[in-house]
Amino acid sequence: FGLGVDALNPVAIERVFQAKGRMTGNPLPLLIDSIDQIERLITEIPDGAAELAEQFWPGQLTLVLPASDAIPTSVTAGSGTVGLRVPDHPIPRSLARMLDGPITGTSANRSGESPSADPHEVAANLGRELNMVINGQCGGHAAPSTVVDCTVVPFRILREGAVTLDALRRCAPDISSR
């Protein structure tokens with residue numbers, strides 16, 4: 001389960017940090033409906049990043065890109081970058097499409113605790129902080145998304161996950177793993 005709010009609304013973002021007990025210096029990843037939503041969220045798409053998006057979106061790849069002024073500083077933790085992903089699950093994509101913008105893509109659990117795959121557990125742990133729990137079929141991904149920093153040359157894997165280094169190197173041969 002993910003904790004999703006309008007990622008361009010600073011008040012909603014603050015509620016995410018409060019609900020999770022998350023330190024504000026920790027950036028939030030964002031989910032979008034398609035690559036079409038990316039233009040107003042970033043200042044540029046570095047050479048090679050579009051190819052990664054085309055190959056692995058929707059899916060388990062988060063791209064760290066230079067954030068536009070549309071992204072609240074609380075989302076970027078002052079880094080000037082934003083992690084974006086087009087998930088392969090229809091619910092977050094539908095929410096981003098209806099909102100015509102990004103939603104937060106952080107797990108629905110308190111910081112430091114294990115993510116939950118049970119809606120009753122989510123409600124029990126975060127219930128007072130939530131407006132609703134949408135119970136949809138989970139995609140069943142055991143591994144988290146792979147996070148790639150596309151603001152450096154060569155691109156660098158920040159977190160290994162579902163998309164392997166070998167798969168990434170088919171699109172970005174020079175990518176480094178830390």
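**Cysteines**

Mentor: Let us begin with the cysteines: the sulfur of C150 is 11 Å from the closest cysteine sulfur, in C171, which is too far for a bond. This is a predicted model, in which local features need pLDDT of at least 70 and side-chain atom pairs count only at pLDDT 80 or more, while totals for chains, interfaces and linings use all residues. Residues are numbered from 1 along each chain as its sequence is written, and side-chain values use heavy atoms, with hydrogens and water left out.

Trainee: How many disulfides does a search of the whole structure find?

Mentor: In general, a disulfide is a covalent bond between the sulfur atoms of two cysteines. The criterion here is a pair of cysteine sulfur atoms within 2.5 Å. By that criterion, the search of the whole structure finds zero disulfides.

Trainee: Is C150 buried or exposed?

Mentor: Such words rest on relative accessible area: buried means under 20%, exposed over 50%, and partly exposed in between, with a 1.4 Å probe and protein chains only. C150 is buried, at a relative accessible area of 2%. C171, at 25% relative accessibility, counts as partly exposed.

**The sheet**

Trainee: In what order do the strands of the open sheet stand?

Mentor: Two definitions come before the answer. Helices (H or I, at least four residues) and strands (E, at least two) are DSSP runs, numbered from the N terminus. Two strands pair if DSSP finds at least two bridges between them. The open sheet here has six strands in the order β5-β2-β4-β3-β7-β8, with mixed pairing. β5 (103–104) and β8 (156–159) stand at the edges, each with a single partner strand, so one side of each lacks a neighbour in the sheet.

Trainee: Which strands are joined to β4 by bridges?

Mentor: Strand β2 (residues 30–31) runs parallel to β4 and is joined to it by two bridges; L31 stands opposite R85 of β4. Strand β3 (residues 61–66) runs antiparallel to β4, with four bridges between them. Strand β4 itself (residues 81–85) is mostly covered, four of its five residues being buried.

Trainee: What are the bridge partners of L63?

Mentor: In β4 the partner of L63 is L84, and in β7 the partner is V148. β3 and strand β7 (residues 146–149) run parallel and are joined by four bridges.

**Helix faces**

Trainee: How does one read the faces of a helix?

Mentor: An α-helix has 3.6 residues a turn, so residues three or four places apart point the same way. In helix α2 (residues 49–56), the buried residues are A49, L52, A53 and F56. Seen down the axis of α2, these buried residues fall within an arc of 100°, so they line one face of the helix. The arc is that of the directions from the helix axis to the C-beta atoms. The face turned away from the buried side carries the exposed residues E54 and Q55. The cover over the buried residues of α2 includes β3, β7 and α6 (165–169).

Trainee: Which residues of α5 are buried?

Mentor: P119, V122 and L126 are buried in α5. Viewed down the axis of α5, they fall within an arc of 55°, so they line one face of the helix. H120 and A124, on the other side of α5, are exposed. The buried residues of α5 pack against α1.

**Single residues**

Trainee: What is A108 in contact with, beyond its neighbours within four places in sequence?

Mentor: Contact means heavy atoms within 4.5 Å. With those neighbours left aside, A108 is in contact with F1, G2, L3, V122 and L126. A108 is found in the loop between β6 (106–107) and α5 (119–126), and is buried, with a relative accessible area of 5%.

Trainee: Where does K20 lie, and how far away is the nearest side chain of opposite charge?

Mentor: Lys and Arg count as positive and Asp and Glu as negative, while His and the chain ends are not counted. A salt bridge is a side-chain nitrogen of Lys or Arg within 4 Å of a carboxyl oxygen of Asp or Glu. K20 lies in helix α1 (residues 10–20). K20 is buried yet has no salt bridge, and the nearest side chain of opposite charge, E113, is 8.7 Å away. Leaving aside neighbours within four places in sequence, the contacts of K20 include L3, T106 and R110.
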